[in-house]
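Hi,

Here is the structure I promised to pass on. Have a look at it first, and then read my notes below.

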Amino acid sequence: MNTTSEQQKQINIAYIGGGSRGWAWRLMTDLALEKDLSGTVRLYDIDFEAAKTNEVIGNKLSSKPEVVGKWKYVAVESLDEALYGADFVIISILPGTFEEMYSDVHIPEKYGIYQSVGDTTGPGGLIRGLRTVPMYVEFAEAIKRNCPDAWVINYTNPMAICLKALYEVFPKIKAFGCCHEVFGTQKLLTEVVKEFLGEEREISRREIKVNVLGINHFTWFDKASYKTYDLFPLYKEFVNKYYEEGFEKTKGLWEKDYFASANRVKFDLFKRFGLIAAAGDRHLAEFVPYIYLTDKEAVYKWKFNLTPVEWRIKHREELIKLSKEYASDQKDVPLNPSGEEGVMQMKAILGLDTLVTNVNLPNMGQIPNLPMGAIVETNAVFTHDDVRPVYAGKLPSDLASIMTRHISNQELIVKAALEKDLNLAKRAFLNDPAVERLPQNKAEQLFDEMINNTKKYLAYLGL
């Protein structure tokens with residue numbers, strides 16, 4: 001990156017998954033609204049035409065007179081071309097196809113296993129991880145070859161498996177993972193403040209100060225405050241008040257929106273463990289499926305949803321149509337902040353600001369009772385060319401035990417992919433809490449059926 005005071009903001013960003021419909025547009029709008037940064041974004045995607053469409057959309061957006069962040073978007077055909085000399089690398093991909101994701105989520109239902117998301121843990125998350133690792137091996141090797149000093153921001157799930165693969169292949173990589181689930185729980189705590197402290201003004205979720213600890217999508221707060229107020233006693237009152245009914249700003253939304261919930265899983269976890277569960281109910285439930293995902297009736301009782309892949313396929317068609325409308329000027333990309341923090345993180349790394357926020361990084365002791373080297377989620381301090389995790393402290397031993405099991409399975413999946421050993425993958429699969437209640441023969445049958453639907457991974461193994 002250029003380092004003169006006048007040109008310091010000129011940077012090169014490589015976007016792997018640059019044909020994204022949704023995540024890429026969020027980045028574009030955040031960059032367009034940021035006056036202190038400008039430069040080039042190289043868009044790489046296995047769907048080159050999608051990247052070319054985003055090139056058109058990005059450049060149209062950048063040319064608008066009201067836009068303060070001026071960027072040049074360029075679709076490129078090779079990974080090396082995208083990465084060469086990059087200052088930042090953003091990875092936001094769909095690992096595989098929607099057909100494979102359909103298998104991840106819905107094949108286990110034939111065996112009585114229900115998954116609300118299927119992208120992080122459970123049989124779907126583990127098989128998704130298995131086919132994702134080879135892609136991340138390629139990314140890590142290409143980053144080492146073309147831009148070894150670049151900062152790498154990962155948005156792809158399964159987060160821990162993706163990051164672990166990057167660090168296994170290129171130990172000196174400067175990579176971290178971003179997840180906005182924590183933000184939603186901070187927003188929920190603003191409702192606690194309004195109800196019990198009588199705040200009438202709109203409160204930003206950033207005014208809620210929290211200590212974050214856990215693993216991605218099974219993340220927790222053991223401290224939460226607003227100004228001089230400890231929010232834990234107030235949250236306890238809030239949970240007791242809304243435990244049976246649940247809490248939603250729009251009552252009944254969870255029955256209409258696949259991504260909504262009434263926060264009942266979150267409330268129940270607080271009663272069980274005494275910490276504030278800091279992810280959405282759909283993700284949290286998958287780490288303890290024997291409580292919340294025993295059958296469809298249990299899901300309905302806890303007031304969250306199983307997100308069908310058919311909906312994702314239909315939604316993709318709507319986004320493809322929208323991308324054509326954006327590219328042809330039939331519609332304008334809305335210039336609204338996305339709520340993501342990637343651009344703020346880049347600014348801080350460039351030395352233009354200081355930021356404290358939650359990220360996923362290898363455990364260097366920030367959570368002492370989780371395995372060293374495991375990918376964990378805590379706060380970190382972002383300053384010039386540095387992302388330093390905050391010491392978060394120990395988890396309660398029962399929570400740490402649950403997490404350690406999931407960490408072991410995730411790390412075994414990475415090892416299985418790197419060593420091309422399906423037996424290791426099967427061991428991780430059979431050890432998953434959602435799978436273990438099946439008879440051995442049925443669990444192995446499920447594994448074989450799901451593996452056979454992950455054709456690209458089988459080709460990678462030479463099988």
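Asn157 sits in the loop between strand 5 (151-154) and helix 6 (159-169). Helices (H or I, at least four residues) and strands (E, at least two) are DSSP runs here, numbered from the N terminus. Before going on, keep in mind that this is a predicted model, where local features need pLDDT of at least 70, side-chain atom pairs count only at pLDDT 80 or more, and totals for chains, interfaces and linings use all residues. Residues are numbered from 1 along each chain as its sequence is written, and side-chain values use heavy atoms, with hydrogens and water left out.

Back to Asn157: an unreviewed UniProt entry annotates this residue as "binding site". UniProt positions are given in the numbering used here, feature names are shortened, and annotations may be inferred rather than shown by experiment. Is Asn157 buried or exposed? Asn157 counts as buried because its relative accessibility is 15%; buried means under 20% relative accessible area, exposed over 50%, and partly exposed in between (1.4 Å probe, protein chains only). Leaving out neighbours within four places in sequence, its contacts (heavy atoms within 4.5 Å) include Pro95, Arg128, Cys162 and His217. Asp119 is also in contact with Asn157, and the two side chains make a polar contact at 3.1 Å. A polar contact is a pair of N or O atoms within 3.5 Å; within protein, one must be able to donate a hydrogen and the other to accept it, and residues adjacent in sequence count only if both atoms are side-chain atoms.

Now the inside. A nonpolar core is a set of buried Ala, Val, Leu, Ile, Met, Phe, Trp, Tyr and Cys residues joined through side-chain atoms within 4.5 Å. The largest one has 97 residues, and Val89, Leu166, Phe176 and Met346 touch the most other members. Helix 5 (residues 122-146) gives the largest share of this core, 10 residues. Another core, of 58 residues, lies apart from it, with Tyr114 and Leu231 among its members.

Helix 5 also holds Ala142, which is buried with a relative accessible area of 0%. Ala142 and Leu83 are 59 residues apart in sequence, yet their C-alpha atoms are 7.4 Å apart in space.

Next, charges. Side chains of opposite charge can pair when their charged atoms come close. The structure holds 32 salt bridges, each a side-chain nitrogen of Lys or Arg within 4 Å of a carboxyl oxygen of Asp or Glu. In one of them, Lys347 pairs with Glu34, with the closest N and O atoms 3.4 Å apart. That pair links distant parts of the chain, 313 residues apart: Lys347 is in helix 14 (residues 342-349), and Glu34 is in the loop between helix 1 (23-32) and strand 2 (38-44). Lys347 is buried at 12%, and so is Glu34 at 14%. Lys347 also forms a salt bridge with Asp36, at 3.2 Å between the closest N and O atoms; Asp36 is partly exposed, at 25%.

One more pair: Arg145 and Asp80 meet in a salt bridge (2.7 Å, N to O). Arg145 lies in helix 5 and Asp80 in helix 3 (residues 79-83), so this pair ties together parts 65 residues apart in sequence. Arg145 is exposed, at 54%, while Asp80 is partly exposed, at 32%.

Cheers
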